[in-house]
Amino acid sequence: MDHESLTAIRLAAVDYFTRSKSAERCRSYFLNPDANEAEGWSDLVALGWPGMLAPESVGGLDLDLTTAAAIFHAAGEHVAPEPLLAVAGLSALLLAKLQTPAANALLEELVAGRQLPALAWQERIGDLSVEPSLLACEFRPAESSVHLQGKRIMVLPGSAATGWLVPVQANAEPLLLWVPRGTAGVSESLTRLVDGSESATVCFDKVSLPATAILAQGAAAHEALRYTLAQGLVLQAAELLGAGWAMYEQTLVYLRTRTQFGKVIGAFQALQHRAVDMFIHLEVARSALDEVLAIASDPAGVAIERLEAEASRINARCTAAALQASRSAVQLHGAIGYTQECGLSIYYKRTLKLSAWLGNVTAHQRRYAALSEVGPHTDEAVNWDGEFPRSADWSTMSEAEFRRMVRAFLQQRYPENLRYLSHRARWSEMRDWYLVLSAQGWIAPGWPQSHGGMGLPADKMIAWIEELEQHGVARAPDQGIIMIGPLLIQHGTPEQQQRFLPGILSGDYIWCQGYSEPNAGSDLASVRTEAVQARDADGDHFVVNGQKIWTTLAQDASHIFMLVRTDRDAKKQEGISFVLCDLATPGITIRPIYTLAGEPEFCEVFFDNVRVPAENLVGKLHGGWTIAKALLGFERLFVGSPKQPQYALGQLARLAQSRQLFADPVFAQRYTALSLDVADLCAAYTGFANIVKAGKPLPASVSLLKIWASETYHRIGALLVEASEEQGAVAGDHDLEGQPFNALSSLIGSTSAMIYGGTNEIQRNILVRQVLDLPS
């Protein structure tokens, strides 16, 4: 479905839930234990929603999963009291998947609102297995009957259900049965849930059913159940995410209006940053949901194991985000948030209910690990016939083939002695590899092909990053590739592009960044390095005097791009210009600064009457702040890429494999959680990378990438040190199965990642002002 139609359906859903006062009805049901949770079902039937996922042949709407997820998202935003997920989601999905005459007949009744079947599949608390074992079932073909003995738990809806869909094993064959309410020997015990809805424990005591109760049998019945539960988990994730966003929006309203100590409480930074963290978790979850929906909406094109893994991944992420939002929302509301009177209360309780039903965060993290074989990357040799293409329409190459090509190239061309370096690589170490990539035409994977880059689409860029990090490829001095090159492509003159871009690609020009100064770190508008316009016989130029600091690998660079003050009388941002300078120019002095790791990674750069040609001005005179913000967007996109967390995760996997840590369930759980943080970072990064590829300016929300990536990187680094035990105190490299390994490098590196490019606290302040719009 196109974006416009999807938006229309979402708005229609929001309109219905608003007009029907869904949240108010949910609250009244909670306060009235005798209320019928399906009371408003007839209104949903009129909208066609019970059949949203059913084919048109039975009267359904035949929506795809992405469109249905938009309705469930709206249901979460308005805490819809009806059992939408249980009936229109799980039961309808299962019946539609079966495609048998009996299943179609029951589905038609569901769509018409005459039946509300409940899926009774779970046998044990916390057990997400779809292999029934406790419910005894015997199929007697000679008697044309089926006999049941046992029970099913956590069946929703409770008393509103008109019968139960019961998957069983009979005579070693999967069956799916329809057991109508009122069948002899069937009883139910109702349990009131935290949001006022009901679940049932359905007991089957010597139940005898006719053979016509069999809706499907064999492998098709079992496969249909697996697909149903996987897609149902995705829909539940959408509903949880909707509830999370609703609590976030309510909290912002409260922060903007509630006053204490003579100020609106939204002006207090401690509260602002908690609200930002709500936004970050929800936005990462939204990106991940979009990615998983693209996979799950075409179940025929994806293996069931992949679909189940992705369903658990997104359910864990959206559950965690909604729970984080619910707890933060209550805290930020203060005492009123702890009351039933507060509008948050029913959202809080709905989130608790959904986060437990169908599996909690931990259960789905474990399931994801089991299904996707989370763990170490293996170095299997890859064969590649023929030459590696310099350029291609990469979007038409499958991801698997693209990865195979990159992996083979790395195995054949990347120097073995440079794998898994624990320090920031210097130009002297990486020059030859840089030139190999340059000769291949692969040095600038994100640049458009028209400017000499690979022009990789976002999904291939993620694959590129992952393959390089898994192989242990060190980061070459790349400020030209990731920062000034893309900036010149967007903002440079044709002459500047022709003069500088080829040199970046060839390795003749190596760049560093001159932004920070003493007392002007995160506050870049306070720069004092001055550039005075001058003219002589050699032409127009600037004379630059001042100092830059924290300039990464300036001692290896040939050029520097920098902010300079060209009008000392103007307002701070209005008197700044952006210029390019050859570091071989007389008057420049470079002094290395040693980091916590003992490496000369940063430098001070001093300028004493340095001549910079006027044609090296990028953008307008005094218009450097606009250019600087664009460049900071590229920097935050790069710093927010999965590159560094992926590398650290690979190092953690190497260590875990060597020490057999994956056999430790506590370590395995922590590793899986971190791997999911990286996977969902990839989803968020893809969205912003697509904005850049479309030639659009990056929004302020790109700051969330830098925060999520660097803090994930830091958590991985901390676990690396912890898992190294005594070797976590070792300075420098030691040998790990024939390759260098440094337990401290990721932790120390991630510490700087949370500082450079604007500290994470500054990034949160940017989000406060430009995204959350909270008062100053």
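Reader: Hi! Which residue is the bridge partner of V155 in β7?
Author: In β7, V155 has A200 as its bridge partner. Strands here are DSSP runs of E with at least two residues, numbered from the N terminus. This is a predicted model, where local features need pLDDT of at least 70, side-chain atom pairs count only at pLDDT 80 or more, and totals for chains, interfaces and linings use all residues. Residues are numbered from 1 along each chain as its sequence is written, and side-chain values use heavy atoms, with hydrogens and water left out.

Reader: Thanks! Over how many bridges do β3 and β7 pair?
Author: Strand β3 (residues 145-155) and strand β7 (residues 198-210) pair over 8 bridges, in the antiparallel sense. Two strands pair if DSSP finds at least two bridges between them.

Reader: And what is the order of the strands in that open sheet?
Author: The open sheet has 4 strands in the order β2-β3-β7-β6, with antiparallel pairing. Its edges are β2 (136-140) and β6 (186-192); each has a single partner strand, so one side of each lacks a neighbour in the sheet.

Reader: Let's move to β5. Is it mostly covered or mostly exposed?
Author: Mostly covered: in strand β5 (residues 173-180), 6 of the 8 residues are buried. Buried means under 20% relative accessible area, exposed over 50% and partly exposed in between, with a 1.4 Å probe and protein chains only.

Reader: Which strands pair with β5?
Author: Strand β4 (residues 163-170) pairs with β5 over 8 bridges, and strand β8 (residues 214-217) pairs with β5 over 3 bridges. Both pairings are antiparallel. A170 stands opposite E173 in β5, while the bridge partner of L175 in β8 is Q217.

Reader: What does N171 do in the hairpin of β4 and β5?
Author: N171 takes a positive phi near 55 degrees in that hairpin, which has 2 residues between the strands.

Reader: New topic: how many disulfides does the structure hold?
Author: It holds 0 disulfides; a disulfide is a pair of cysteine sulfur atoms within 2.5 Å.

Reader: Is C682 buried or exposed?
Author: C682 counts as buried because its relative accessibility is 4%. C203, at 28% relative accessibility, counts as partly exposed.
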